[in-house]
Amino acid sequence: MRNIGLRMAIVIILLAAGLYTLYPTLRLYTAKELSKEEENSLMKRAIHLGLDLKGGMHLVLEVDTTGLKEKPADLRDRALEIVKNRIDEFGVFEPTIEKQGSSRILVQLPGVDRERALNIIRKVAHLEFKLVSDKTQDVLKSIDKYLSKGDTMGFEEPFSSYLFGVEGDLGFDVRDEDSLKILIAQAQEIIPKELQFYFGPKETYQGKEVKRLYLLKKEPELSGETIRDAQHRPYQGSELQYTGAWMVEIEFKREAARLFASITGKNVGKRLAIVLDDVVQSAPYIRERIPQGKAVITGNFKAEEARDLAIILRAGALPAPLKIAEERSVGPSLGKDSITKGIRASLIGSLFVVIFMLVYYSLTGLVANFALVLNVILLVGALSAFGGTLTMPGIAGIALTIAMSVDANILIFERIREELRLGKTVRTAISQGFSRAWLAIFDSNVTTIITGIVLYIFGTGPIRGFALTLIIGLIANLICAVFVTKTVLDYFTHRFEVTKLRI
């Protein structure tokens with residue numbers, strides 16, 4: 001028999017390659033204790049579970065066009081790209097992010113932290129750099145004087161009485177925030193038009209929850225559209241309040257870096273506030289001209305918060321806020337239950353098939369079962385290698401592949417039986433049996449593959465998952481049911497000089 005050794009070597013290589021690509025998936029979902037680094041490494045090489053198996057979020061977001069003149073569809077398209085970039089940076093495998101209607105975006109994320117994901121998706125991330133006004137004390141006195149005119153209780157400092165020192169800044173108790181906002185609105189007419197009050201994020205100071213108050217110039221010196229890169233790092237400065245915290249280091253584009261150097265050069269000794277979504281993250285003093293085009297956002301960030309902020313800044317600001325129009329969650333318990341039932345059904349079905357082949361076709365049935373197992377290993381291994389996602393429809397695709405594989409072997413074995421009944425030798429019967437069955441097997445598999453390709457091109461979500469699993473499974477089926485089965489039968493009939501075949 002020609003090249004039987006080479007053909008057996010190919011079969012062994014196929015088996016080894018399938019097991020090698022399958023190993024990360026087996027390791028990821030069966031190992032009880034994995035380090036975070038090992039889990040991340042395996043995730044890149046393993047099959048990912050879809051929303052219906054792993055659980056996750058189903059969101060429908062709507063672009064808030066209030067006060068905006070642009071068309072909702074244009075804003076939605078821009079927001080869609082930014083949400084995609086943020087989710088990609090976040091590291092979610094196989095998300096579904098699609099347009100829905102004229103102003104909505106569908107987002108499906110398997111296996112994510114809900115709060116973190118919502119924060120990343122919905123944060124507008126409008127970043128601006130604004131100079132802190134050196135007229136703060138004068139404006140405060142003016143406000144107090146203006147408000148005290150109508151104060152029947154006789155307070156001399158109706159506005160400043162809410163304020164106290166917080167590490168060199170003005171701060172206030174967060175419980176007084178609404179009162180301060182009302183007073184600022186009442187005194188708006190005497191606040192210089194080029195200036196505006198901003199608050200800092202909530203923080204703890206001497207056992208109280210406080211926020212800082214800043215008076216900034218309205219016109220920004222620089223905006224977030226000029227950012228080229230943003231990275232989170234442990235805080236490395238000298239301010240004790242940020243010890244142990246994380247920061248975000250941002251780098252400007254070339255032209256913006258020149259502008260930033262000019263701004264810092266002209267304003268040495270002043271404070272430049274970094275404002276994100278109208279909240280002042282920090283307002284450091286400009287000690288000297290900064291020519292490198294880099295700035296740092298400090299705050300009491302945890303590592304995850306700093307990483308998420310860096311992701312958002314790299315992806316860019318949303319053109320408009322996003323509202324949640326619909327939110328549904330698929331709990332992990334439902335996903336685990338689905339996996340268990342799906343695997344159990346597949347195993348029971350496969351067991352019946354294996355027993356049937358052994359009983360009905362004896363030793364040749366054993367060879368068919370080997371080809372069937374190899375078929376599944378190659379299918380799952382290929383999904384792992386390409387980072388595919390397994391869903392319930394995908395499991396259905398595997399079940400259909402098993403059926404097609406068995407059907408192909410039955411066609412072949414029945415043709416071999418016919419040849420044996422005609423009195424032909426075992427080798428001749430095997431050769432002609434495969435030859436006669438090949439065309440029918442090829443036709444049925446190829447036509448089904450074409451159907452799968454059409455489903456994959458025009459389908460969405462679970463339909464594409466089913467189609468992809470089916471296509472890969474049937475390609476593996478053509479290899480295993482014909483090439484592998486014939487090679488193994490040829491090898492044993494030649495190796496052991498078989499003159500009678502039990503089939």
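**Helix pairs, strands and rings**

Analyst: Start with a helix pair: α1 and α2 are oblique to each other. Angles under 35 degrees count as roughly parallel, over 145 as roughly antiparallel, 65 to 115 as roughly perpendicular and the rest as oblique. This is a predicted model, where local features need pLDDT of at least 70, side-chain atom pairs need 80 or more, and totals for chains, interfaces and linings use all residues. Residues are numbered from 1 along each chain as its sequence is written, and side-chain values use heavy atoms, leaving out hydrogens and water.

User: At what angle do the axes of α1 and α2 cross?

Analyst: Helices (H or I, at least four residues) and strands (E, at least two) are DSSP runs, numbered from the N terminus. Axes are lines fitted to C-alpha atoms, for helices over the stretch in contact, and angles run from 0 to 180 degrees between N-to-C directions. Helix α1 spans residues 4-30 and helix α2 residues 36-43; their axes cross at roughly 140° and come within 9 Å. The crossing is left-handed. That label applies if the near helix is turned anticlockwise from the far one by less than a right angle; clockwise is right-handed.

User: Which residues of α1 and α2 make the contact?

Analyst: Contact means heavy atoms within 4.5 Å. α1 gives Pro24, Arg27 and Leu28, while α2 gives Glu38, Glu39, Leu42 and Met43. By class, this contact has four nonpolar, no polar and three charged residues. Ala, Val, Leu, Ile, Met, Phe, Trp, Tyr, Cys and Pro count as nonpolar, Asp, Glu, Lys and Arg as charged, and the others, Gly among them, as polar.

User: Is the crossing of α4 and α5 left-handed or right-handed?

Analyst: The α4 and α5 crossing is right-handed. α4 (residues 72-90) packs on α5 (residues 114-122) at about 145°, with the axes 9 Å apart. Val83, Arg86, Ile87 and Phe90 of α4 meet Arg116, Ala117, Ile120, Ile121 and Arg122 of α5. Six of the contact residues are nonpolar, none polar and three charged.

User: At what angle do α5 and α9 pack?

Analyst: About 30°, with axes 9 Å apart. α5 and α9 are therefore roughly parallel to each other. Their crossing is right-handed. From α5, Arg116, Asn119 and Ile120 meet Glu304, Arg307, Asp308, Ile311 and Ile312 of α9. This contact has three nonpolar, one polar and four charged residues.

User: Now the strands. In what order do the three strands form an open sheet?

Analyst: Strands of a sheet pair through backbone hydrogen bonds, either parallel or antiparallel. Two strands pair if DSSP finds at least two bridges between them. The order here is β12-β13-β16, with antiparallel pairing. β12 (227-234) and β16 (294-301) are at the edges with a single partner strand each, so one side of each has no neighbour in the sheet. Neighbouring strands are turned by 20° against each other on average, direction ignored.

Five bridges join β13 (residues 246-252) to β16. Glu249 has Val296 of β16 as its bridge partner. Helix α8 (residues 254-266) lies across β13 and β16, at about 105° to β13. Helix α9 (residues 303-315) packs on the sheet too, touching β12, β13 and β16, and makes about 175° with β12.

User: How many residues lie between β3 and β4 in the hairpin?

Analyst: Three residues separate β3 and β4, and Gly101 in the turn has a positive phi of about 70°. β3 (residues 96-100) and β4 (residues 104-110) pair antiparallel over five bridges. Gln100 stands opposite Arg104 of β4.

User: How many aromatic pairs does a search of the whole structure find?

Analyst: It finds 10. Rings of Phe, Tyr and Trp (its six-membered ring) pair if their centres lie within 6.5 Å; planes under 30 degrees apart are stacked, over 60 edge-to-face, the rest tilted. Phe356 and Tyr360 are a stacked pair, 5.4 Å centre to centre with 10° between the planes. Both lie in helix α10 (residues 332-385), four residues apart, about one turn of the helix.
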